[in-house]
Amino acid sequence: LIEHTGGAFPLWLAPVQVALLPVSDGFNDFATSLQKEFESRGIRARIHDETESVGKKIRSAEMQKYPYILVVGEKEQTSGDFMIRVRGQKEQVTMKQDKFIDMVIQGISSRASVLI
């Protein structure tokens with residue numbers, strides 16, 4: 001399966017379904033609260049809280065082939081809108097937190113690859 005998919009597992013099978021990338025250490029608490037919210041709803045999430053630039057965090061997360069990558073900062077914390085990077089797509093998608101969570105849960109239950 002790993003060779004067949006090249007490590008890009010479908011959403012429902014991916015060990016980590018959502019990668020959370022805080023833009024700075026000041027947003028680690030917000031990322032932790034998001035991770036807890038995701039995990040309480042059955043979504044596997046991981047925080048990349050290394051002290052690296054956001055670009056390096058994004059590149060690392062893309063190399064890990066996570067289905068969804070969320071960069072979280074002040075705008076996301078105050079508005080609740082997320083810019084979502086979807087594996088295999090160049091354009092980012094903007095979506096509210098609740099709508100994103102519902103979409104991921106639907107994708108997991110329907111065994112979809114990714115839904116955006």
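Which residues touch the most other members in the largest nonpolar core? Hi everyone, let's find out together. What we have is a predicted model, where local features need pLDDT of at least 70, side-chain atom pairs count only at pLDDT 80 or more, and totals for chains, interfaces and linings use all residues. Residues are numbered from 1 along each chain as its sequence is written, and side-chain values use heavy atoms, with hydrogens and water left out.

So, the core. A nonpolar core is a set of buried Ala, Val, Leu, Ile, Met, Phe, Trp, Tyr and Cys residues joined through side-chain atoms within 4.5 Å. Buried means under 20% relative accessible area, exposed over 50%, and partly exposed in between, using a 1.4 Å probe and protein chains only. The largest core has 21 residues, and Val 18, Leu 20, Phe 38, Tyr 68, Leu 70, Ile 84 and Phe 100 touch the most other members.

Take a look at Phe 100: leaving aside residues up to four places away in sequence, Phe 100 touches Val 18, Phe 38, Tyr 68, Leu 70, Ile 84 and Met 95 (contact is heavy atoms within 4.5 Å).

Now for the charged residues. A search of the whole structure turns up 4 salt bridges, each a side-chain nitrogen of Lys or Arg within 4 Å of a carboxyl oxygen of Asp or Glu. In one of them, Asp 81 pairs with Lys 96, with the closest N and O atoms 3.2 Å apart. Asp 81 is partly exposed at 25% relative accessible area, and Lys 96 is partly exposed at 45%. Finally, Glu 37, Arg 41 and Asp 102 are linked in a network of salt bridges.
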